[in-house]
Amino acid sequence: VNIAFALSLRASAALDDSDGWQRRASLALTLATLLLPGGFLLGGITIYAGDPGLGVLLVPIGGLALLYAVWLTARRL
């Protein structure tokens, strides 16, 4: 997803970044890249009576970051 985002920015070089949307979308994608798998990993390290650990709470935050980045990009492209 990060590579596709970078290639889409390169292909549409005429896009205006006066309000910094590209930086915000890139940061959101980076957060999603770290939080989604990291939350699953941390949630699986310790299991409490069949339930995942507290690290799994990072997964929805990563999902929201991914949706925000996709929304920003789709709105501009």
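In this predicted model, Gly55 touches Gly39, Leu42 and Gly43, if residues up to four places away in sequence are not counted. The place of Gly55 itself is in the loop between α2, which covers residues 21-45, and α3, which covers residues 58-76. Although Gly55 and Phe40 are 15 residues apart along the chain, their C-alpha atoms are separated by 6.9 Å. Is Gly55 buried or exposed? Its relative accessible area is 14%, and because buried means a value under 20%, Gly55 counts as buried.

One of the residues that Gly55 touches, Leu42, also belongs to a nonpolar patch on the surface, which Leu42 forms together with Leu41 and Ile45. Taken together, the residues of this patch have about 320 Å² of accessible area. Leu41 is found in helix α2, and with a relative accessible area of 58% it is classed as exposed, because that class begins over 50%.

From these single residues we can turn to the chain as a whole. The chain has 3 helices and 0 strands, and its elements, followed from the N terminus on, run α-α-α. The radius of gyration of the chain is 16 Å, whereas the globule rule gives 11 Å for 77 residues; the value for the chain is well over this, so the chain is more spread out than a compact globule.

What share of the 77 residues counts as buried? For this chain it is 26%. The accessible surface comes to about 5300 Å², and 71% of that surface belongs to carbon and sulfur atoms. When one looks at contacts between residues at least 6 apart in sequence, 61% of them join residues that are at least 24 apart.

Notes. Residues numbered from 1 in each chain as written. Predicted model: local features only at pLDDT ≥ 70, side-chain atom pairs only at ≥ 80, totals over all residues. Heavy atoms only, no water. Helix = DSSP H or I, 4+ residues; strand = E, 2+ residues; numbered from the N terminus. Buried < 20%, exposed > 50% of the residue type's maximum accessible area, 1.4 Å probe, protein only. Contact = heavy atoms within 4.5 Å. Patch = residues over 30% accessible without salt bridge, like charges linked within 9 Å, V, L, I, M, F, W, Y side chains within 5 Å. Areas by Shrake-Rupley, 256 points an atom, 1.4 Å probe, with all protein chains shown as cover. Salt bridge = Lys/Arg side-chain N within 4 Å of Asp/Glu carboxyl O. Rg over C-alpha atoms; globule rule 2.2 N^0.38 Å.
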